Amino acid sequence: MRASGEREEPAADRTAGHPAHASRRVVLKGAAITAGLAAAGIATTRPAHAEDDQPGRPQSVTARMGGTSITLSLVDGALRWSARRDARTVIGTSALGLRLGDGTVLGGDVRVIGERYGTHRTTWTPVYGRNATVTNHYQEQRWDLQDRASGIRFGVQVRAYKTGVALRYVLLDQGTATIADELTTFVFPDGTTVYSARDENAYVPVAPGAVPVTGAAGTDNGPLTDLPLTATLPGGLIACVCESSRVDYPRLMLGSVPGETNALSAFLMEHTARGTGPVETTTTVTTPFATPWRTVVIGATHAELVDNAELVLNLAPPSALTDTSWIKPGKVFRCELTTSAGLQGVDFAVARGLQYIEYDAGWYGPEFSTPDATKPIAAIDLPSVISYATGKGIGVFLYVNRLALTDADSLFGLYKSWGVRGIKLGFINDGTQTMTNQIIDWARTAAEYELLIDMHDDVRPFGYERTYPNWISLEGVRGNEQFPTATHNVTLPFARNIGGPMDYTICYGQSRDKTTNAHQMAMGAVYYQPLNFLFWYDKPSKYNNPANWPGLPWFNAVPVTWDESRTLDGSIGEYVAVARRAGSTWYLGAMTNETSRTLSLPLSFLGVGTYTATVYSDGTPGANPYQTPVVVGTRTVTRDDTLDVAMAPAGGQAVVLKPN
């Protein structure tokens with residue numbers, strides 16, 4: 001387990017402009033605003049030169065880093081932005097702005113009153129993650145602006161990273177503001193395909209202007225798609241739109257723009273994803289206030305996109321926890337709802353190298369008609385199971401429907417006293433400003449009682465596993481327990497998983513699978529899942545004869561948190577191959593869609609010397625993919641070798657590379 005912390009490195013930071021003379025009242029007001037901005041994590045600026053304010057004169061500033069750039073422009077008073085990678089367009093000229101509750105539009109007619117630009121570099125060590133350390137290196141440009149009609153002051157920050165770009169708005173005046181709409185648009189190049197998904201549905205590849213109309217009575221309706229939203233661009237580029245650092249703000253969706261074939265526009269959710277709770281058509285915030293980051297992760301190749309996903313974390317606040325020693329990622333086994341099943345689950349976890357067991361829905365009775373999660377059903381002697389598990393070094397997770405969370409502080413305190421290690425929250429209704437704040441509060445409260453938290457159903461990531469690393473996983477995806485297609489499975493690494501960790505239960509050895517067992521095994525390395533539920537729908541007795549299940553040693557060994565990650569090859573919806581290192585051992589997973597294929601993967605990422613490769617591959621294809629056997633073999637390899645990874649239709653391969 002890695003310790004949490006950040007190390008600041010020297011940063012170049014240049015500020016343009018000169019302060020004007022001001023009265024003492026203005027100075028004091030400015031000091032108060034500066035303090036408010038600092039509390040929100042926003043750097044202050046100074047006024048720009050007066051000659052910068054010339055009506056009709058185009059203005060622009062660009063942040064650049066490693067071939068990636070984002071540009072802010074102002075033409076005839078209107079705000080625009082664009083992004084490029086290696087001189088190729090990722091986002092064409094697109095609108096920026098906010099509409100306030102009284103109808104005022106910020107961004108349509110403004111003048112620049114301040115400017116700041118600089119280059120920053122930070123390295124930090126996550127508690128767990130894709131890599132042991134993360135570099136946060138970017139160039140930033142910021143304009144402070146004033147709306148000509150209303151006099152309201154606001155700003156736009158843009159950042160360029162090697163891995164993508166980001167932007168957000170800053171409301172500068174002290175007091176409150178009511179936001180009705182965000183006017184950010186994303187104009188893609190001709191020939192772009194976006195991968196649209198709403199709620200827990202599968203991804204649909206469409207043109208930006210052809211997002212399907214979705215939603216039901218009582219929910220947000222229209223041609224809307226959830227984030228993360230991946231776009232394949234002409235010339236081989238790929239980009240994924242995400243959000244980060246969403247606090248006191250509704251969740252962002254994107255919608256097609258009538259009459260625009262290549263554009264998507266921001267939509268701030270007014271309903272929760274499931275349509276329960278009050279409708280919130282506006283968002284009132286205390287100012288100064290920074291909106292969430294709108295992030296575009298960019299890859300020159302599909303494989304590179306996967307490796308650039310830490311951009312979302314870099315834009316989130318650092319860990320709010322001083323002690324993270326109790327936070328343990330791990331593998332989980334779900335038990336049936338009896339005492340004996342729990343005890344057997346503990347023994348199974350010990351034997352199979354798992355860290356947790358879980359009692360899911362029903363352990364305290366029917367979750368909708370019995371919303372009292374303080375008493376287990378008669379069939380479960382919970383104190384005995386927890387005591388037995390603790391003695392064996394196994395933690396216990398409990399499922400809790402949101403209806404039972406009327407007093408989270410009391411409930412989480414009770415679970416802490418029982419010795420529970422984590423909570424899986426069900427039917428979380430993400431979407432509105434109120435629910436954003438509720439979700440963060442649950443994560444914060446759970447941390448106070450040293451409880452891990454896994455949020456289920458339609459919750460979407462926004463980087464807060466960095467801020468509250470006890471928030472170890474979330475769903476927000478069409479789950480593997482629904483037995484989706486292999487195409488869906490090889491879309492997720494380039495889409496949903498870019499935004500953050502996902503709880504995607506691995507269904508090894510299930511006759512309802514539409515994939516091979518090796519495909520299910522490979523998920524352990526391909527997906528980033530610091531809390532990984534294994535053997536879903538199974539009982540320990542199924543594996544009484546391990547000889548019948550050649551994939552078990554892979555699951556025994558494969559970790560869930562990593563020192564280094566490399567995506568070796570991939571194409572969204574077609575195939576993917578990822579290698580991840582824990583200590584000196586590498587774990588490689590490869591998956592394909594319904595088309596059989598062989599990937600030739602150079603092993604140049606290995607260290608010096610020889611390695612023993614234990615290869616779990618597809619055998620002769622069966623009548624159905626799940627009937628394709630797993631074949632195990634070993635060979636000696638070095639970093640100079642190339643591994644030919646053959647996969648059956650809907651198949652995969654899992655490889656352990658251990659140094660000799």
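Predicted model: local features only at pLDDT ≥ 70, side-chain atom pairs only at ≥ 80, totals over all residues.
Q: What makes F333 and F348 buried or exposed?
A: F333 has a relative accessible area of 1% and F348 has 7%; because buried means under 20%, both F333 and F348 are buried.

Q: Why is the pair of F333 and F348 said to tie parts of the chain together?
A: F333 belongs to strand β24 (residues 330–335), whereas F348 belongs to helix α4 (residues 339–352), so the pair joins parts that are 15 residues apart in sequence.

Q: What makes the pair of Y504 and Y527 edge-to-face?
A: Between Y504 and Y527 the centre-to-centre distance is 5.2 Å and the planes are 85° apart; because edge-to-face applies over 60 degrees, the pair takes that name.

Q: How do you know that R466 lies over the face of W124?
A: R466 is placed over the face of W124 at 3.9 Å from the ring centre, and this distance is within the 6 Å limit.

Q: What makes β31 and β36 edge strands?
A: In the open sheet, ordered β31-β32-β33-β38-β35-β36, β31 (564–571) and β36 (630–637) each pair on one side only; β31 pairs with β32 in the antiparallel sense over seven bridges, and two strands count as paired at two bridges or more.

Conventions. Residues numbered from 1 in each chain as written. Heavy atoms only, no water. Helix = DSSP H or I, 4+ residues; strand = E, 2+ residues; numbered from the N terminus. Buried < 20%, exposed > 50% of the residue type's maximum accessible area, 1.4 Å probe, protein only. Phe/Tyr/Trp six-rings, centres within 6.5 Å; stacked < 30°, edge-to-face > 60°. Lys NZ or Arg CZ within 6 Å of the ring centre and 35° of its normal.
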